[in-house]
Amino acid sequence: MNPNRLFFFAVLLAALVGCTPASNQPKSVFESGEMRGAVINPPRQLSDFTLASTTGKPFKLSEHKGQTMLIYFGYRSCPDFCPTTFAELKHVYESLNQPADKLKILFVTIDPERDTLDNLGLYMAAFDDDFIGLRDDTPALQSLLDEFGVVATKRVVGESALSYLMDHTASVFLIDSTGELRMQYLYGTNYRDIVHDLQLILPQT
Amino acid sequence: MGEPILKKVIALTFIAAAALAVSFFYLRKPTVVPVHVALQSNPYPLVVGSSRLFFTVSDANGAAVDVQTFDVSAEMNHAAMLSLYAPVTRTAANTFTSDIIWSMYGEWYVKVQAVLADGRTVADTFAVYVYQIAVTAPDYENQFRSESQNQTVITDPEHQYVITIPQGTQAMQLAGMVGEMVIPEEIRLSVRGKNTLIIQNNDLVTHTVGPYTIAPGEVIRQTFTEPNTFVGVCTIGMSTVSIIIEE
């Protein structure tokens, strides 16, 4: 057989195969149905917030693209939800053993009146030196809470050294490497579920 | 002797493969692409009084689909209300407008039926809310979601518990009207049965349902793999909502 004809048929076959409909694009890990946290779809766009940080350098969201972040809104004097959640996040962080520049664990105080950067830094260090405390004592804090759908209200408690508590949303939120809000983990979620999800997410970042 | 035969075998193999590919590609049964109707309005959201509705008929790939006839009707969600007259004007092969004067605020159903050029009929219903006074919608909005589009969030009815918050929910609350949809105080799921909770917010404002806060246009989806209980307030029923996951 003439080699040119052979070549012609090969090209024809390749062209025909190429004409067949392409398979569907693979779904992102967030749409895979394998996540154990609550997936937010479409991902929520966040404003490019900047907060004072226990690292000594202001934390600006847009400067952390490429990193996955777990962010929590609480206060240092919290007697229950906050320390429990951060004990769980410590387990998450240790289980994943990721470099600090790939996964950030953030604590935004909802009680800037009492939580200074200094004592926030000590609070974070009690859990892990890589955890970062964030603070803002301007009205911009409320805008940030609204973006995440976080409720935080002061409740005066008489006859208490604390004088007031903060009632607040106790979810952990996941910001993906593009800076969008993608996941919510309810208070009481087993830390292994968060680890499970991050093991799927982090290799993609 | 062996080489020419080998060449013939190779050539015949290629021809057979090519013929197979051609027959697969050209002679296969034509794929029927789903067709849907999109609805936009001016003003958006709808307000009592005059409005213009804009309809676009397209396939799932966004391509225009030729339409023979297109009919629109609008009726309230409760009995004893007459349907509104909804004259239709064709603006292109697949686009139509309809001017409607809304007589009352509340939940309405806009029903559409299109007979396509290929003979197929597409029917859908849009549950729209007509506001008493003009309200501002999020910037990205001006698109109603039809019943069939709302159904797209359900991919596995056997395992999914779906809550849809319709547009106008907050307005109905403020007006003291009880909406059709009531969020149960207990949402019971089970790891081995309905284990996935989906909440879709079609309203114009953020709603909190139990521990979830859902912005306008968002869908929250969570699959539970072990028993647990989560509790939170609900901005719709103004009560608490418990999500109880059983074995």
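The term pLDDT denotes the predictor's confidence in each residue, from 0 to 100. The structure is a predicted model, in which local features need pLDDT of at least 70, side-chain atom pairs count only at pLDDT 80 or more, and totals for chains, interfaces and linings use all residues. Residues are numbered from 1 along each chain as its sequence is written, while chains are lettered from A and ligands numbered from 1 in the order in which they are written.

In chain A, the mean pLDDT is 88, and 86% of the residues reach 70 or more. Over residues 15–25 of chain A, however, pLDDT stays under 50, and the model has 7 contacts beyond four places in sequence for this stretch. Two residues are in contact if their C-beta atoms, placed from the backbone, lie within 7 Å.

Helices (H or I, at least four residues) and strands (E, at least two) are DSSP runs, numbered from the N terminus. After the helix comes Gly149(A), with a positive phi near 75 degrees.

Phe148(A) is also one of the residues touched by Phe173(A), whose other partners, leaving out residues up to four places away in sequence, are Ile71(A), Leu181(A), Met183(A) and Gln184(A). Phe173(A) itself is among the residues with the most contacts inside the largest nonpolar core, together with Leu70(A), Leu106(A), Met183(A) and Ile199(B); this core has 63 residues. A second, separate core has 26 residues, including Phe70(B), Val72(B), Ala114(B) and Ala171(B). A nonpolar core is a set of buried Ala, Val, Leu, Ile, Met, Phe, Trp, Tyr and Cys residues joined through C-beta atoms within 7 Å.

Two further residues of chain A may be set side by side. Ile201(A), in helix α5 (residues 191–201), is buried because 20 other C-beta atoms lie within 10 Å. Asp128(A), in the loop between α3 (117–127) and β6 (132–135), is partly exposed because it has 15 C-beta neighbours inside 10 Å. Beyond its neighbours within four places in sequence, Asp128(A) is in contact with Lys90(A) and Tyr93(A).

Chain B contains 3 helices and 16 strands, and buried residues make up 29% of its 247 residues. Its domain assignment gives domain 1 (35–145) and domain 2 (154–246), with bounds that come from an automatic or database domain assignment. The centres of these domains, taken over C-alpha atoms, are 27 Å apart.

An open sheet of 4 strands in chain B has the order β2-β8-β7-β4, with mixed pairing. Because β2 (46–47) and β4 (67–76) each have a single partner strand, they stand at the edges, and one side of each is left without a neighbour in the sheet. Two strands pair if DSSP finds at least two bridges between them. Strands β4(B) and β7(B) run antiparallel and are joined by 9 bridges, and Glu75(B) stands opposite Tyr109(B) in β7(B).

Key: A residue is buried if 20 or more other C-beta atoms lie within 10 Å of its own, exposed if 12 or fewer, and partly exposed in between; C-beta atoms are placed from the backbone.
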